[in-house]
Amino acid sequence: MLTVFTAFFTIGLFTFGGGLAMLPLIAEHCTKNGWLTMEELTNFVAVSESTPGPFAINIATYVGAQAYGFWGALTATVGVILPSFVIILLVARFYLRFRRSRVVSGMLYGLRAAVVGLLAAALWSMLPSVFWTTGAPTAEFFCSIVIFCAALLAVWKKIGPIPVLLGSAALGIAAGFLFF
């Protein structure tokens, strides 16, 4: 259990930009330690994004539970929360004093660019398990493309994330009954 705590403590400590920015590190730890396959992780990312609560906590709890049961879930959750809790206490204490600092402004500027890169890396690492299967394209492949394009169009049209997730789930259920 120390491994899962250390992994999620490290992920919580060195990942900026929210839960999705954590995906490359989570994927690395999960596959390296044999906690989840990339396909299992991709499935739970979808579940975690669709359920209430912060993504990082949802996924840490799930991975910990898969790896070590209840105590693993608790350990991973505490591990991912603890760094943010301590950091936000420190930031709140000192931000007003240093908010006009060129060092602080520069650091935040650099972190924003890094977050976009981490999100792109997460997308890139998940694409194969979402779209590409072995062999010829299947009905599942085409349904995934349609749902992906519909979600992109909905976000582009400024439809909120809840209707997009509910609509995508409904399309997936319909596709499951029709094609699988």
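This is a predicted model: local features need pLDDT of at least 70, side-chain atom pairs count only at pLDDT 80 or more; totals for chains, interfaces and linings use all residues.
## A walk through the helices

In helix 2, the buried residues are Leu23, Ile26, Ala27, His29 and Cys30. Just past the end of helix 2, Gly34 adopts a positive phi of about 75°.

Let us take helix 1 as the partner to look at next. Its axis and that of helix 2 come within 10 Å and cross at roughly 165°. An angle over 145 degrees counts as roughly antiparallel, and helix 1 is therefore roughly antiparallel to helix 2. The crossing of helix 1 past helix 2 is right-handed. On the helix 1 side, the contact is made by Thr3, Ala7, Phe8 and Ile11, and on the helix 2 side by Leu25, Ile26, His29 and Asn33. Sorted by class, the residues in this contact are 5 nonpolar and 3 polar, with no charged ones.

Two residues from that contact, Phe8 and Ile26, lead on to the core. The largest nonpolar core holds 23 residues, and Phe8, Ile26, Trp35, Leu41, Val45, Ile59 and Val63 are those with the most contacts inside it. Helix 1 (2-14), helix 2 (23-33), helix 3, helix 4 (55-98) and helix 5 are the elements that each give two or more residues to this core. Which of them gives the most? That is helix 4, with 7 residues.

Now turn to helix 3 and helix 5. Helix 3 (residues 38-50) packs against helix 5 (residues 102-131) at an angle of about 95°, and their axes are 10 Å apart. Since angles of 65 to 115 degrees count as roughly perpendicular, helix 3 and helix 5 are therefore roughly perpendicular to each other. Met38, Glu39, Thr42 and Val45 from helix 3 meet Ser125, Met126, Ser129 and Val130 from helix 5. By class, this contact of helix 3 with helix 5 contains 4 nonpolar, 3 polar and 1 charged residues.

Not counting residues up to four places away in sequence, Thr42 touches Met126, Ser129 and Val130. Thr42 and Ser125 are 83 residues apart along the chain, with 9.6 Å between their C-alpha atoms.

With a relative accessible area of 18%, Ser144 is buried.

Our last stop is Lys158, in the loop between helix 6 (139-156) and helix 7 (161-179). Its phi is near 70°, a positive value in a residue other than glycine. Whereas Ser144 is buried, Lys158 is exposed, with a relative accessible area of 75%.

Notes
Residues are numbered from 1 along each chain as its sequence is written. Side-chain values use heavy atoms; hydrogens and water are left out. Axes are lines fitted to C-alpha atoms, for helices over the stretch in contact, and angles run from 0 to 180 degrees between N-to-C directions. Helices (H or I, at least four residues) and strands (E, at least two) are DSSP runs, numbered from the N terminus. Angles under 35 degrees count as roughly parallel, over 145 as roughly antiparallel, 65 to 115 as roughly perpendicular and the rest as oblique. Contact means heavy atoms within 4.5 Å. Ala, Val, Leu, Ile, Met, Phe, Trp, Tyr, Cys and Pro count as nonpolar, Asp, Glu, Lys and Arg as charged, and the others, Gly among them, as polar. A nonpolar core is a set of buried Ala, Val, Leu, Ile, Met, Phe, Trp, Tyr and Cys residues joined through side-chain atoms within 4.5 Å. Buried means under 20% relative accessible area, exposed over 50%, partly exposed in between (1.4 Å probe, protein chains only). A crossing is left-handed if the near helix is turned anticlockwise from the far one by less than a right angle, and right-handed if clockwise.
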